[in-house]
Amino acid sequence: MMTEQNITEKQKMMTGLPFNGGDPELMQDKSHARTIAERYNRTTERETKLRDLTLRELFGSCGDKIFIKPPFHCDYGYNIHVGENFFANFDCVILDAAPVTIGKNCLMGPQTCIYAVNHPLNVEERLKGTLIGKPVTIGDNVWFGGNCVVLPGVTIGNNVVVGAGSVVTKNVPDNAVIAGNPAKILKYV
């Protein structure tokens with residue numbers, strides 16, 4: 001039986017509880033993921049098979065035909081799940097303290113950032129290194145323009161278009177075109 005006293009920081013993170021981001025086990029997990037990401041970022045355009053294998057080693061799960069233009073950065077990797085035909089352009093960042101689930105046929109413009117982690121509002125908790133993970137879910141056939149940010153806890157539906165420079169702070173229904181900071185629905189397609 002798991003009690004508050006014997007639960008690890010990783011278990012807290014994986015179950016959505018506030019956790020200490022500086023915990024040695026989590027720091028080791030981050031170091032491992034960053035080592036794999038650095039190896040990926042050193043590959044060349046001609047090393048497509050190595051790139052594919054490296055992403056499959058890093059991610060929790062992924063479909064067929066995945067491609068990310070380096071550099072790519074993440075915290076843990078094992079909380080990232082992408083569907084088939086996934087493409088991310090240069091400088092993609094996924095902070096995956098909680099699950100980040102991305103459907104099939106997703107396109108991400110350069111500098112798309114997905115944050116599934118947040119700091120508490122309470123300053124004392126922030127100073128202790130407390131973090132809070134909130135899952136991010138992105139549906140099928142979603143296209144992000146460049147320089148987009150998705151905040152913790154957001155769900156984006158299927159067939160959504162996110163305009164360049166948008167900050168997605170709230171859930172988005174299927175078939176919406178959104179843009180702005182904060183992103184608002186402009187129309188449906």
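Modeller: Happy to! This is a predicted model, in which local features need pLDDT of at least 70 and side-chain atom pairs count only at pLDDT 80 or more, while totals for chains, interfaces and linings use all residues. Residues are numbered from 1 along each chain as its sequence is written, and side-chain values use heavy atoms, with hydrogens and water left out.

Biologist: In what order do the five strands of the open sheet run?

Modeller: Strands here are DSSP runs of E with at least two residues, numbered from the N terminus, and two of them pair if DSSP finds at least two bridges between them. The pairing is parallel. At the edges, β2 (61–62) and β16 (155–156) each pair on one side only. The order is β2-β5-β8-β13-β16.

Biologist: Which residue of β8 is the bridge partner of Ile80?

Modeller: Strands β5 (residues 80–82) and β8 (residues 100–102) pair in the parallel sense over three bridges. In β8, the partner of Ile80 is Val100.

Biologist: Within what arc do the buried residues of α2 fall?

Modeller: Helices are DSSP runs of H or I with at least four residues, and buried means under 20% relative accessible area, exposed over 50% (1.4 Å probe, protein chains only). In α2, the buried residues include Leu26, Ala33 and Tyr40, whereas Pro24, Gln28 and His32 on the other side are exposed. Taking directions from the helix axis to the C-beta atoms, the buried residues line one face of α2, because they fall within an arc of 130°.
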